[in-house]
Amino acid sequence: RQVLSQDDSTSRVYLIHPSFAPSMGKSFPSGSLWRQGVDGATTVSDPRVMIISVHRGGLRLPVADGIATSRAQFQDLWNWTLNPATDAPPSGWPPAWAGNGQYLHVCRVNFAPLFHRVTFGNVQRPSAAPSIQIGTAVAIRLAGVSTFDALYLEGTLIRLYADSGTGVAPPVLQLSHTLKEGVNFLYEGDHWQLP
């Protein structure tokens, strides 16, 4: 539905769980966006977002766009369902909302199923250092570790390159994979493979 700034009957907010922390277990910084990089995420905490709207003029949403003020506020709204007998809004909402719950729309989005664990194993370490590229990020060489794993978003393009020896020669692309589920990649015999 079209959102018009001058018409509060079309207002819509996006509410993010305050513990949503997709990047290396750090807290989600207020007002910032998480951008997936080569490191991916080690853990993903509470990856939930709600789109909340109202379709009646004169009713203002008592929640603001952005990160929820508390876990309890988010959870109360996440668990709210309309009782047609009372038309009650979520608990604690302003008196103007009494009996007007039917005008509230809550779309719940859980991103947890979209994060998949990917493992990169290099059995030839330290004699070989193949490279990995996640999406459009710069490719990195697996020189310092024999195994690396992280969580990446579904649909991510993963490119795996052969060891280029000195790291000066351009690496040769051996395998491209679009992420649909958790997967393990193994570099063995100078080739990337899916075991």
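Student: Is D190 buried, partly exposed or exposed?

Tutor: Good place to start! Keep in mind that this is a predicted model. To read exposure, look at the relative accessible area: under 20% is buried and over 50% is exposed, with partly exposed in between. D190 has a value of 42%, so it counts as partly exposed.

Student: Where is D190 found?

Tutor: D190 sits in the loop between β11 and β12 (191-193). Its phi is near 65°, which is a positive value in a residue other than glycine. D46 also has a positive phi, near 45°. You can find D46 in the loop between β1 and β2, and its relative accessible area of 30% makes it partly exposed.

Student: Why does H17 count as buried?

Tutor: Use the cut-off again: buried means under 20%. H17 has a relative accessibility of 3%, so it is buried. H17 lies in the loop between β1 (12-16) and β2 (48-54). Its side chain reaches the backbone nitrogen of S19 at 2.9 Å, and H17 touches residues including D46, R71 and F74.

Student: Which residues touch the most other members of the largest nonpolar core?

Tutor: A nonpolar core joins buried residues through their side-chain atoms. Here the largest one has 18 residues, and V118, F120, I132, Y152, I158, F185 and W192 touch the most other members. Elements giving two or more residues to this core include β5 (115-122) and β11 (183-188). Apart from it lies another core of 17 residues, among them L61, F74, W78 and V106.

Student: Which residues does a cis peptide bond join?

Tutor: That bond links R125 and P126, with omega about 10°. P126 is in the loop between β5 and β6.

Key: Residues are numbered from 1 along each chain as its sequence is written. This is a predicted model: local features need pLDDT of at least 70, side-chain atom pairs count only at pLDDT 80 or more; totals for chains, interfaces and linings use all residues. Side-chain values use heavy atoms; hydrogens and water are left out. Helices (H or I, at least four residues) and strands (E, at least two) are DSSP runs, numbered from the N terminus. Buried means under 20% relative accessible area, exposed over 50%, partly exposed in between (1.4 Å probe, protein chains only). A polar contact is a pair of N or O atoms within 3.5 Å; within protein, one must be able to donate a hydrogen and the other to accept it, and residues adjacent in sequence count only if both atoms are side-chain atoms. Contact means heavy atoms within 4.5 Å. A nonpolar core is a set of buried Ala, Val, Leu, Ile, Met, Phe, Trp, Tyr and Cys residues joined through side-chain atoms within 4.5 Å. Lists of a residue's contacts leave out its neighbours within four places in sequence.
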